[in-house]
Amino acid sequence: MAEVGGSAPKSRGKGKKKKKARIGVRLDMTPMVDVAFLLLTFFMLTTAFRLPQTMEISIPDDSKDEVAPVKIAESNIMQIRVTPDNSIYWNQGNATPNKTDLKTLRGLIAERSEKNIAGGTGATTKDKFKLIILIKIDKKAKYDHMINIVDELDLAIVDLNAKYKLTEAGVRLSPRFAFAPFTEVDLKEVQKAK
Amino acid sequence: MSKVKKHRVGVQLDMTPMVDVAFLLLTFFMLTTTFKPPEEVQVTVPDSHSQLKLPSANVITLSINQQEEIWMDVDAQVVRAAIFGIEYAQKAGKKVKIEELQNLITRARFKNLEVRGASAAMRVVLKADKDADYGVVSDVIDILQKSKITTVNFITNLEK
């Protein structure tokens, strides 16, 4: 809103040239300042807000000499294999692989883990939980599977923690998995499933 | 004696300096947000439920697109210019070959320590396309393993 203030034109003298009176214009800048500050805060906030989501995994150091190999019972290893045609197979120990898919994987991992905990020895649930998941993905399979499998695994562990009511940092179960190359042997194993 | 009545004073503030500052900041933020280099690689990242946020500093980003090309970028301009050459200072990374990756990562880490001080350990972030072959990703992970990098972050979209 613009207000026109200032003195009203006064007529001076009669019959003479009328001098134009100067009008002092006073603008109300409040709405403009409002808009400016709104934009300012908007840009200030949006510049800081763009941080992408990430999933963090740890990979082992490849120095073989200083780390002694850890021996694990075969029955404590669950293998998840992804073939070149993007189908998923699982097995535990030396059993023959079974075909599965992403939708059932979470339930499967949870079920296997529960069985593992039930059969394990140790004082706490964390000690009893010995299942290690070995993920073998063929080089020609899609990368998407890797993220999906790790994600399902994380979710299965979250479910388990909720089920056993493990909330403190020290006693919570954490996903244990490793990546291994998909070899000819794996392909032969997987073909036994059909 | 009668009380002296207080005169009401109409306060009129001169808002000009404030508006000046506001506009200065506004233009500054508008310019800096638009000046960010456009992404040179088109990547559709996979979905996951992970809520972890990407750190904003000390990051080496390795992008892998659907054609399995590897693009490398670092967050600091100085480091980028030092490892790729001054003409890359303003760009969003460079396409690299898998053979030179290990060397470049090592150089980036050293340069970053030099620029940002001894506590600035670099983190490697992998931004791979969901339809890329796992082979490329696994080759890159092997290289990271050889470079003694044991934590990798994968950029994902939040799945709902």
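Some ground rules. The model is predicted, so to speak of a local feature I need pLDDT of at least 70, side-chain atom pairs count only at pLDDT 80 or more, and totals for chains, interfaces and linings use all residues. Residues are numbered from 1 along each chain as its sequence is written, and chains are lettered from A, with ligands numbered from 1, in the order in which they are written.

Chain A to begin. It has 5 helices and 8 strands. Helices here are DSSP runs of H or I with at least four residues, strands are runs of E with at least two, and both are numbered from the N terminus. In sequence order, chain A reads β-β-α-β-β-β-β-α-α-β-α-β-α. Of its 194 residues, 24% count as buried. Buried means 20 or more other C-beta atoms within 10 Å of the residue's own; exposed means 12 or fewer; partly exposed is in between; C-beta atoms are placed from the backbone. Now contacts in chain A with a separation of 6 or more: residues 24 or more positions apart account for 55% of them. A contact is two C-beta atoms, placed from the backbone, within 7 Å.

Now chain B. We have 4 helices and 7 strands. The order is α-β-β-β-β-α-β-α-β-α-β. The radius of gyration is 25 Å, well over the 15 Å from the globule rule for 160 residues, so chain B is more spread out than a compact globule. That radius is taken over C-alpha atoms, and the rule is 2.2 Å times the number of residues to the power 0.38. The C-alpha trace spans about 95 × 40 × 30 Å along its principal axes. Buried residues are 28% of the 160 in chain B. For contacts in chain B with a separation of 6 or more, 71% come from residues 24 or more positions apart.

How do the chains meet? In chain B, 43 residues are in contact with 37 residues of chain A. On the chain B side, the elements giving two or more residues are H1 (16-34), E2 (52-53), E6 (123-128), H4 (134-146) and E7 (151-158). H1(B) gives the most, with 9 residues.

Next, the core. The largest nonpolar core has 55 residues. By nonpolar core I mean a set of buried Ala, Val, Leu, Ile, Met, Phe, Trp, Tyr and Cys residues joined through C-beta atoms within 7 Å. Those with the most contacts inside it are Met146(A), Ile60(B), Leu62(B), Val124(B), Leu126(B) and Val137(B). Helix H4 (residues 143-163) of chain A supplies the largest share of this core, 9 residues. Take Ile60(B). Beyond its neighbours within four places in sequence, its contacts are Met72(B), Val74(B), Ile105(B), Ala108(B), Met122(B), Val124(B) and Val125(B).

Two helix pairs. In chain A, the axes of H2 (residues 102-119) and H4 come within 9 Å and cross at roughly 45°. That makes H2(A) oblique to H4(A). Axes are lines fitted to C-alpha atoms, for helices over the stretch in contact, with angles from 0 to 180 degrees between N-to-C directions. Under 35 degrees is roughly parallel, over 145 roughly antiparallel, 65 to 115 roughly perpendicular, and the rest oblique. The crossing of H2(A) and H4(A) is right-handed. Among the residues that meet are Leu105(A) and Ile109(A) in H2(A), with Ile149(A) and Leu153(A) in H4(A).

In chain B, the axes of H2 (residues 77-84) and H3 (residues 98-116) come within 9 Å and cross at roughly 140°. H2(B) and H3(B) are therefore oblique to each other. From H2(B), the contact uses Val78(B), Val79(B), Ala82(B) and Ile83(B); the H3(B) side includes Leu104(B), Ala108(B) and Val115(B). Buried in H2(B) are Val79(B), Arg80(B), Ala82(B), Ile83(B) and Phe84(B). Their cover includes E4 (70-74), E5 (94-96) and H3 of chain B. Just after H2(B), Gly85(B) has a positive phi of about 110°.

Most residues other than glycine have a negative phi, and most peptide bonds are trans. Asn58(B) is not a glycine, yet has a positive phi of about 60°. Asn58(B) sits in the loop between E2 and E3 (59-64) of chain B, and is partly exposed, with 18 other C-beta atoms within 10 Å. Lys148(B), also not a glycine, has a positive phi of about 60°. Lys148(B) is in the loop between H4 and E7 of chain B, and is exposed, with 11 other C-beta atoms within 10 Å.

Methods. A crossing is left-handed if the near helix is turned anticlockwise from the far one by less than a right angle, and right-handed if clockwise.
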